[in-house]
Amino acid sequence: MQTVITASTREAASYLRAGQTVIFPTETVYGLGANALDPEAVLKIYAAKNRPADNPLIVHVYNFWQVHQYAHNVPPYAERLMEKFMPGPFTILLPKKPIVPDATTAGSDKICLRMPSLAITQEFLRECSLPVAAPSANLSGKPSPTRWQDCLEDMDGRVAAILTGPDAMLGLESTIVDCTGSFPVLMRPGSVTFEDLRQVVPTAQLAEQLQNHQAPVLPGSKYRHYSPQATVEIISVVQNKVLELNQPFAYIGLTAPEKFFATVPAYQLVAKSVNEYAHSLFAFFRECDRRELPLIYAEATSEQGLGRALMNRLRKAAGS
Ligand code: TXA
Ligand code: MG
């Protein structure tokens with residue numbers, strides 16, 4: 001398949017409306033989309049990514065009317081969360097209406113819905129006039145792509161079109177909140193933080209803090225995710241020891257590398273803030289892979305605010 005690269009939302013939407021797959025920008029990471037109401041189109045997403053068939057897809061919409069077309073039994077607290085965080089880097093899990101095919105939700109009777117805030121994404125979704133099922137646009141197991149060029153690296157020849165756009169502003173995937181029970185449960189931390197959720201709905205809980213028997217798990221969380229080829233080690237200044245390394249390595253963190261290493265990293269990124277760290281992480285991982293660096297040290301941050309999402313992705317990358 002010849003992959004068309006276009007800056008035209010109308011052209012990109014024409015491929016999607018014809019049952020093809022289209023990569024598109026969002027404020028979190030790039031998505032690999034297809035018509036969420038067409039099982040055959042949705043299966044093309046799984047094929048392009050080598051994604052396991054039991055891992056459901058987020059459905060992207062551009063207005064609230066659509067949310068109620070595809071989900072029902074929306075609790076009042078979920079309405080408040082949607083009003084506050086949509087459009088934005090926020091995904092809500094709700095009971096699914098039968099109109100959405102099983103292929104989209106991997107057989108689940110629940111559906112993840114997201115309304116991106118990036119203007120070009122909204123324009124694209126409006127041109128599609130369809131709900132768009134889309135996981136992150138990486139090959140399964142690779143870090144989520146934050147630049148269209150990264151999508152091309154993974155997906156050239158595997159999708160019908162790529163809609164080019166800006167580098168992802170946020171760089172980490174959306175916050176996912178399960179709203180199918182009597183209180184919201186944070187399933188995947190993101191730029192909408194746990195503290196943000198609690199401000200709107202004080203009963204919000206962290207999935208990992210619920211008793212095991214009631215703790216829901218995202219199907220996707222059992223797969224190795226967000227991983228560069230390299231081994232990722234999480235380090236922190238409290239360890240207070242200087243490492244002597246005799247192999248090339250990369251470093252990303254907030255602290256100057258001299259605090260950790262007696263030798264100079266082959267590649268490094270010292271971020272000025274947790275925001276910048278989160279924004280740069282996946283692009284950094286991909287650059288390390290291009291440079292074939294076998295080892296990446298990543299500095300731990302606090303688990304407050306966006307730090308919770310950043311630490312979640314670092315742990316996944318480190319396989320811990
Ligand atoms: O920021 C984002 O959320 C990006 C952009 C493209 O919107 N998308 C994204 O999709 O990160 P993906 O597929 O890489 O991650 C979605 C996660 C997976 O872990 C999947 O298992 C879970 O959401 N998920 C999707 N639909 C679900 C459902 N119906 N029930 C439970 N989990 C679901
Ligand atoms: Mg993904």
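Q: At about what angle does helix H9 run to E14?
A: This is a predicted model, where local features need pLDDT of at least 70, side-chain atom pairs count only at pLDDT 80 or more, and totals for chains, interfaces and linings use all residues. H9 (274-290) lies across E12, E13, E14 and strand E15 (295-299); helices (H or I, at least four residues) and strands (E, at least two) are DSSP runs, numbered from the N terminus. Axes are lines fitted to C-alpha atoms, for helices over the stretch in contact (heavy atoms within 4.5 Å), with angles from 0 to 180 degrees between N-to-C directions. Against E14, the angle for H9 is about 175 degrees.

Q: Which strands sit at the edges of the open sheet of four strands?
A: The order is E12-E15-E13-E14, with parallel pairing; two strands pair if DSSP finds at least two bridges between them. An edge strand pairs on one side only, and that picks out E12 (231-235) and E14 (267-270).

Q: What is the bridge partner of Ile 252 in E14?
A: Residues are numbered from 1 along each chain as its sequence is written. Strand E13 (residues 250-253) runs parallel to E14, joined by four bridges. For Ile 252, the partner is Leu 269.

Q: Why do the buried residues of H7 line one face of the helix?
A: In H7 (residues 148-155), Asp 150, Cys 151, Asp 154 and Met 155 are buried, meaning under 20% relative accessible area with a 1.4 Å probe, protein chains only. Directions are taken from the helix axis to the C-beta atoms. Seen down the axis of H7, the buried residues line one face because they fall within an arc of 110 degrees.

Conventions. Chains are lettered from A and ligands numbered from 1 in the order in which they are written. Side-chain values use heavy atoms; hydrogens and water are left out. Buried means under 20% relative accessible area, exposed over 50%, partly exposed in between (1.4 Å probe, protein chains only).
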